[in-house]
Amino acid sequence: MWVPLTDAVTHAAGLSLPARPALTASLPLTMTSDWMLIFQGNNFFNLLLGLWVSVRIALISMAGAILLGVLLGMLMTAKSRVLRWVSVVYVEIMRLTPQIVLLFIVFFWASSKMQLTMSGEMAALIVFTAWGTAEMGDLVRGAIQAIPPHQYESAQALGLTHIQTMRYVTLPLAIRQLIPLTVNLTTRMIKTTSLVSLIGVIEILKMAQVIIDRGRFDYPNAALWVYATVFFLYFIVCYLISLVAAYLEKRLAL
């Protein structure tokens, strides 16, 4: 029978080696038990609270962005060159400036220079509403310009004014095109809210980091499970929003 060289030499010399440790399932067991950190105490409930903070900021900001974005999109298609120029400059500034920079400017500059007491969530609402307005305004502009010219010609033939044409012809047609684009912007905003943790807002990713840090010694490999849970919660919220959008598309289909 073949014997390893090291074992043969030590046996001939009358020496003994320490017994080799037996392979156990302790490591896999530890890795598979790390998911329990998610349901320890109030950890999962705290993740849901963090998710609600992210969704609340995104939905409130989107509500303001839709209202202001429609007005901005109409200004971007106005006949006045001054209005078009001002609105385009605003859109480009908001789109080219990173959201984290806008958060720092509003939160820290407003607090120090303007002597305003502002919470991190309020600063986030201001920034995401302003950013969402720029994005929504550009979407509205594209939807308005995509309407066939014969729709405007028919409205003029009926004697409708410019405001009446926008109200009864342009906006109803543009809304049908804006539904999927608005859903995409909403999901982007929900995911971008992870930046608000840098100004002290405890949202879902910040809460996940807190949970991982608390269980670092007892559950050393729990980070994968916690972040997988965060991904799953994000997916559920975005999927539900997409279902609502699909329902609205069917109801408003031409």
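In the predicted model, Thr 193 touches Ser 54, Ile 57, Ala 58, Phe 128 and Glu 203, when residues up to four places away in sequence are left out of the count. Thr 193 is placed in the loop that runs between helix α8 (162-192) and helix α9 (204-214), and its relative accessible area of 0% lies under the 20% cut-off, so that this loop residue is classed as buried. Among its partners, Phe 128 is likewise a buried residue, and Phe 128 belongs to helix α6 (residues 120-145).

Of the 254 residues in the protein, 35% are buried. Where contacts join residues at least 6 apart in sequence, 76% of them link residues at least 24 apart. The accessible surface comes to about 15,900 Å², and carbon and sulfur atoms account for 69% of that area.

The mean pLDDT of the protein is 82, with 86% of the residues scoring at least 70. Helix α3 (residues 43-76) has the highest confidence, at a mean of 93, whereas the lowest is found in helix α1 (residues 5-12), at a mean of 43. Throughout residues 1-31 the pLDDT remains under 50, and for this segment the model has seven contacts beyond four places in sequence.

Aromatic side chains were examined next. Five aromatic pairs are found when the whole structure is searched. One of them joins Phe 104 and Phe 108 in a tilted arrangement, with 5.6 Å from centre to centre and 55 degrees between the planes. Both residues are located in helix α5 (residues 99-113), where a spacing of four residues corresponds to about one turn of the helix. Phe 104 has a relative accessible area of 36% and is therefore partly exposed, and Phe 108, at 43% relative accessibility, also counts as partly exposed. Because Phe 128 and Trp 131 are three residues apart in helix α6 (residues 120-145), about one helical turn separates them. Both Phe 128 and Trp 131 are buried, while Phe 104 and Phe 108 are each partly exposed. Ring pairs also connect Phe 104, Phe 107 and Phe 108 into a cluster.

A nonpolar patch on the surface is formed by Phe 231, Phe 232, Phe 235, Ile 236, Tyr 239, Leu 240 and Leu 243, which together present about 730 Å² of accessible area. Tyr 239, one of the residues of this patch, is situated in helix α10 (residues 223-251). Membership of a patch calls for over 30% relative accessible area, and Tyr 239, with a value of 44%, is partly exposed. Although Tyr 239 and Thr 187 are separated by 52 residues in sequence, their C-alpha atoms are 9.2 Å apart in space.

How values were computed:
Residues are numbered from 1 along each chain as its sequence is written. This is a predicted model: local features need pLDDT of at least 70, side-chain atom pairs count only at pLDDT 80 or more; totals for chains, interfaces and linings use all residues. Side-chain values use heavy atoms; hydrogens and water are left out. Patches are made of residues with over 30% relative accessible area and no salt bridge: like charges are joined within 9 Å, nonpolar side chains (Val, Leu, Ile, Met, Phe, Trp, Tyr) within 5 Å. Accessible areas come from the Shrake-Rupley method with a 1.4 Å probe; for residues, only the protein chains shown count as cover. A salt bridge is a side-chain nitrogen of Lys or Arg within 4 Å of a carboxyl oxygen of Asp or Glu. Helices (H or I, at least four residues) and strands (E, at least two) are DSSP runs, numbered from the N terminus. Buried means under 20% relative accessible area, exposed over 50%, partly exposed in between (1.4 Å probe, protein chains only). pLDDT is the predictor's confidence in each residue, from 0 to 100. Contact means heavy atoms within 4.5 Å. Rings of Phe, Tyr and Trp (its six-membered ring) pair if their centres lie within 6.5 Å; planes under 30 degrees apart count as stacked, over 60 as edge-to-face and the rest as tilted.
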